[in-house]
Amino acid sequence: MSFKIDRGLFRYDFIDHHAVLCVPVDADVKDIRKRYLQIARRLHPDSSITESAEQKQLGNELLSKLVNPAYEKLANERTRTEYILILSQMGKRLLQESTSVTLYTELGRQLANAGNIDHSYKSAIAKLAPTQYDSLEQALQVIAQISELNLVYLMRSAVKTSPTPTLQPKVNSAIPKPDTAKQPSPAPPPAPTKEDSVVEQYVRRAQSLIDKNQFAQAKVELQEALKLEPKNSHCHSLMGMVYLKQNQLKMAKIHFDNALKLDPNDQIALQWKPKIDKALGQQPTDRKVTSSPNNGDKQPDKSGNGGLFGGLFGGKKK
């Protein structure tokens, strides 16, 4: 059995794994796993909820062909990071093509015009989740509806970082348009945003994600900022912190070096670069390391092990 969905992000030859699991696009691994287990219990053939053989077969098909692949993609840090980056780029592309985007659901239209986009989006997702797979025959329609919410949210998020924000998706003719006579006058368009303020928005989100220990998503935000402003020392120092927290010391050193080249007074880089240099310069004490005149900067084989990382973050000082 094949499952075809032609609404939301699925219309653009994209498999919307967040819609399959009904989790927000910024959900962390813990919430993704919790939601997956709820769905798996509902769809598993041994579930007492599914009564007939046909229902059990349909539930098993949904589980194996949609739900399990979605969880595998989003539970793995590397594939989730790549996937979120693609989502971000997709939101920007759809924003540029917003006049060709069609909204089919009332929820999608409401979200497109919502004031507090983050609250409205997550509330809508939370309301749909409990009944997403109650009717297995209607499950694909619910997934399509969730994917349309994801599409609108990605476009609205892209508006925040667009120099000339605009969101004008079309409304499907089958859905009655709102009575414009009863609508309040639209607010004047915001003044064009300077590019450096766009970078600052990426940086603020990255800092917030770092504070929440969501380093993979923080890395994506900083990568976007560095595309716009590759010589931003603060972006490089924060990227260094992300790699440091992930125990990737060599990559952290590269970004701290870049930060100090751009701004010799960058406080984050000044604080951590000497510690990383010292850590990377340590040789293992349990075996002899031979060197030659050309390998004075040879890195230890296991520069990213837990003990070394622990030492940087408060281990015993010698």
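Asn 213 is exposed, with a relative accessible area of 53%, in this predicted model. Asn 213 sits in the loop between helix H8 (195-211) and helix H9 (215-228). Its backbone is worth a look too: Asn 213 has a positive phi of about 65 degrees although it is not a glycine.

**Positive phi angles**

- Most residues other than glycine have a negative phi.
- Besides Asn 213, with its positive phi of about 65 degrees, look at Asp 13, where phi is near 55 degrees, again a positive value in a residue other than glycine.
- You will find Asp 13 in the segment before helix H1 (17-21).
- Is Asp 13 buried or exposed? Its relative accessibility is 80%, and the cut-off for exposed is over 50%, so Asp 13 counts as exposed.

**Two helices that pack together**

- Two packed helices are described by the angle between their axes and the distance between the axes.
- For helix H10 (residues 233-245) and helix H12 (residues 267-281), the angle is about 40 degrees and the axes are 10 Å apart.
- Why are H10 and H12 called oblique? Angles under 35 degrees would count as roughly parallel and 65 to 115 as roughly perpendicular; the angle here is about 40 degrees, so the two helices are oblique to each other.
- The crossing in which H10 passes H12 is left-handed.
- On the H10 side of the contact are His 234, Ser 237, Leu 238, Met 241 and Leu 244, which meet Ile 268, Ala 269, Trp 272 and Ile 276 in H12.
- Sorted by class, this contact of H10 with H12 has seven nonpolar residues, two polar ones and no charged ones.

**Aromatic pairs**

- How many aromatic pairs does the structure hold? There are three, and two of them are described here.
- Tyr 36 and Tyr 71 form a stacked pair, 4.2 Å centre to centre, with 10 degrees between the planes.
- This pair links distant parts of the chain, as Tyr 36 is in helix H2 (residues 29-43) and Tyr 71 in helix H3 (residues 53-75), 35 residues apart.
- Tyr 36 is buried, with a relative accessible area of 16%, and Tyr 71 is buried with a value of 16%.
- Tyr 121 and Tyr 153 have ring centres 4.1 Å apart and planes at 10 degrees, so this pair is stacked.
- Tyr 121 in helix H6 (residues 117-128) and Tyr 153 in helix H7 (residues 139-160) are 32 residues apart, so that pair also links distant parts of the chain.
- Both Tyr 121 and Tyr 153 are buried.

Technical notes. Residues are numbered from 1 along each chain as its sequence is written. This is a predicted model: local features need pLDDT of at least 70, side-chain atom pairs count only at pLDDT 80 or more; totals for chains, interfaces and linings use all residues. Side-chain values use heavy atoms; hydrogens and water are left out. Helices (H or I, at least four residues) and strands (E, at least two) are DSSP runs, numbered from the N terminus. Buried means under 20% relative accessible area, exposed over 50%, partly exposed in between (1.4 Å probe, protein chains only). Axes are lines fitted to C-alpha atoms, for helices over the stretch in contact, and angles run from 0 to 180 degrees between N-to-C directions. Angles under 35 degrees count as roughly parallel, over 145 as roughly antiparallel, 65 to 115 as roughly perpendicular and the rest as oblique. A crossing is left-handed if the near helix is turned anticlockwise from the far one by less than a right angle, and right-handed if clockwise. Contact means heavy atoms within 4.5 Å. Ala, Val, Leu, Ile, Met, Phe, Trp, Tyr, Cys and Pro count as nonpolar, Asp, Glu, Lys and Arg as charged, and the others, Gly among them, as polar. Rings of Phe, Tyr and Trp (its six-membered ring) pair if their centres lie within 6.5 Å; planes under 30 degrees apart count as stacked, over 60 as edge-to-face and the rest as tilted.
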